[in-house]
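Colleague: I have the file open and would like to go through a few contacts with you. Can we start with the rings and then move on to the helices?

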Amino acid sequence: MKKIVLTGGGTAGHVTPNIALLPSLEKAGYEVAYMGSYDGIEKKLISDFDIPYKGISTGKFRRYLDIKNLTDPFRVVKGFSEARGFLKEFLPDVVFSKGGFVSVPVVRAAASLKIPCIIHESDMTPGLANRLCIPVAEKVCCNFPETLKMLPPQKAVLTGSPIRAELAQGNKLAGLDLCGFTANKPVIMVIGGSLGAASVNKVVREALPKMLMDFQVVHLCGKDKIDNLLLNTAGYKQFEYIKSELKDLFAMADLVISRAGANSICELLALKKPNILIPLPSASSRGDQLLNARSFEAQGFSIVINEDDLTASLLVDKVHELFFTRQTYRDAMSRSGQMDSITTIMKLIEAAAS
């Protein structure tokens with residue numbers, strides 16, 4: 001039996017693509033182990049699966065002054081030692097890394113043991129953690145055509161992001177029943193995102209009176225962000241968070257309004273959902289969402305609204321524009337080379353492990 005170690009953490013976006021690979025890895029006969037931080041979100045997410053989990057020490061690589069910059073290098077060195085010890089014991093044929101700071105000691109330790117590493121970069125521009133791993137990686141997977149020119153040519157592969165297969169297996173009627181919606185009016189799905197959701201939520205709610213004339217709206221608005229004054233609004237359903245039923249909401253959605261996190265928009269691409277992206281401004285992030293959104297716009301997958309320009313009236317206008325041209329966006333997504341990411345990545349894993 002071949003063995004593989006998966007790593008990645010810090011945010012759900014560094015974990016869910018690894019989870020999406022699990023059925024294919026199991027089918028191919030791999031024994032899987034996961035390496036993450038002691039108590040990060042990755043430990044919680046992986047606990048739902050029957051996979052050995054090894055926690056290691058990790059530190060954050062900061063670009064700004066912080067007292068922890070003095071101590072975190074020691075945590076990284078400790079993490080390298082812990083990762084190397086586990087890898088020598090487990091003896092994987094290959095390591096697959098989805099990024100995040102926890103992945104750096106794992107990938108570097110694997111390289112020191114001559115274990116081939118494949119890493120995946122979600123955003124258009126490689127983050128610091130992946131930039132530290134690229135020199136020792138065998139292949140670097142990416143989501144955007146523009147990223148290819150930023151990577152070593154012999155290593156770069158345009159794969160797209162692994163998407164959980166169950167997201168494509170939703171039931172439209174189940175989604176309509178969950179929301180109390182009718183089948184004869186189109187549905188907009190709004191994904192607020194956990195970071196900076198308040199500004200999007202506010203404008204969506206300001207636009208509701210006009211949007212609800214022609215659409216029904218299901219709104220994933222984030223923890224503690226439900227508006228109790230709108231609970232009984234016909235055609236409008238709010239959820240703080242949704243898990244197993246997410247596939248049903250996607251199945252019923254005709255259009256999606258979303259932030260522009262790489263994994264989220266790759267899900268929209270895989271599901272061929274016409275979408276409006278409202279990326280986090282550079283003041284609230286390293287600017288990756290702006291670049292992600294512009295790439296999707298250039299490829300004909302999305303309409304983009306900058307948050308600084310966002311108003312209720314503009315949002316309503318763009319929703320109608322998207323709805324009447326939605327097939328154009330579906331056609332563009334159908335032609336994308338980033339659709340069958342799991343198959344492409346599994347081929348890379350098999351080649352590295354052989």
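Colleague: How many aromatic pairs are there?

Modeller: The count comes to six aromatic pairs. Bear in mind that this is a predicted model.

Colleague: Take Phe215 and Phe323. What is the geometry of that aromatic pair?

Modeller: Phe215 and Phe323 are edge-to-face, with 5.3 Å centre to centre and 85° between the planes.

Colleague: Which parts does the pair tie together?

Modeller: Phe215 lies in the loop between α7 (197-214) and β9 (216-220), while Phe323 is in helix α11 (residues 312-324), so the pair ties together parts 108 residues apart in sequence. Both Phe215 and Phe323 are buried.

Colleague: And Phe323 with Phe324, what sort of aromatic pair do they form?

Modeller: That one is also described as edge-to-face: Phe323 and Phe324 are 5.6 Å apart centre to centre, with 70° between the planes.

Colleague: Is Phe324 buried or exposed?

Modeller: Phe324 counts as exposed, because its relative accessibility is 65% and the cut-off for exposed is over 50%. Phe323 has a relative accessible area of 15%, so it is buried.

Colleague: Which residues form an aromatic cluster?

Modeller: Phe144, Phe296 and Phe301 form one.

Colleague: On to helix packing. What numbers do you quote for two packed helices?

Modeller: Two packed helices are described by the angle between their axes and the distance between the axes. For α7 and α11, the axes come within 8 Å and cross at roughly 40°. The two helices are therefore oblique to each other, and α7 passes α11 in a right-handed crossing.

Colleague: Which residues make the contact?

Modeller: On the α7 side they are Val203, Val204, Glu206, Ala207, Lys210, Met211 and Asp214. From α11 come Ala312, Leu315, Val316, Val319 and His320.

Colleague: How do the residues of that contact of α7 with α11 divide?

Modeller: Eight are nonpolar, one is polar and three are charged.

Colleague: What about α1 and α13, at what angle do the axes cross?

Modeller: Roughly 60°, and the axes of α1 (residues 16-27) and α13 (residues 341-353) come within 11 Å. These helices are therefore oblique to each other too, and α1 passes α13 in a right-handed crossing.

Colleague: Which residues in α1 and α13 meet?

Modeller: Ala20, Leu21, Ser24 and Leu25 of α1 meet Ile342, Ile345, Met346 and Ile349 of α13. Seven of the contact residues are nonpolar, one is polar and no charged residue takes part.

Colleague: Different topic. How many residues of helix α4 are buried?

Modeller: Seven of the 10 residues in α4 (residues 103-112) are buried, so the helix is largely enclosed by the rest of the structure. The buried ones are Ser103, Val104, Pro105, Val106, Val107, Ala109 and Ala110.

Colleague: Last one. Where does Asp331 lie?

Modeller: Asp331 is in helix α12 (residues 326-334). Its relative accessibility is 34%, so Asp331 counts as partly exposed. Asp331 and Gly300 are 9.0 Å apart in space, C-alpha to C-alpha, and 31 residues apart in sequence.

Conventions
Residues are numbered from 1 along each chain as its sequence is written. This is a predicted model: local features need pLDDT of at least 70, side-chain atom pairs count only at pLDDT 80 or more; totals for chains, interfaces and linings use all residues. Side-chain values use heavy atoms; hydrogens and water are left out. Axes are lines fitted to C-alpha atoms, for helices over the stretch in contact, and angles run from 0 to 180 degrees between N-to-C directions. Helices (H or I, at least four residues) and strands (E, at least two) are DSSP runs, numbered from the N terminus. Angles under 35 degrees count as roughly parallel, over 145 as roughly antiparallel, 65 to 115 as roughly perpendicular and the rest as oblique. A crossing is left-handed if the near helix is turned anticlockwise from the far one by less than a right angle, and right-handed if clockwise. Contact means heavy atoms within 4.5 Å. Ala, Val, Leu, Ile, Met, Phe, Trp, Tyr, Cys and Pro count as nonpolar, Asp, Glu, Lys and Arg as charged, and the others, Gly among them, as polar. Rings of Phe, Tyr and Trp (its six-membered ring) pair if their centres lie within 6.5 Å; planes under 30 degrees apart count as stacked, over 60 as edge-to-face and the rest as tilted. Buried means under 20% relative accessible area, exposed over 50%, partly exposed in between (1.4 Å probe, protein chains only).
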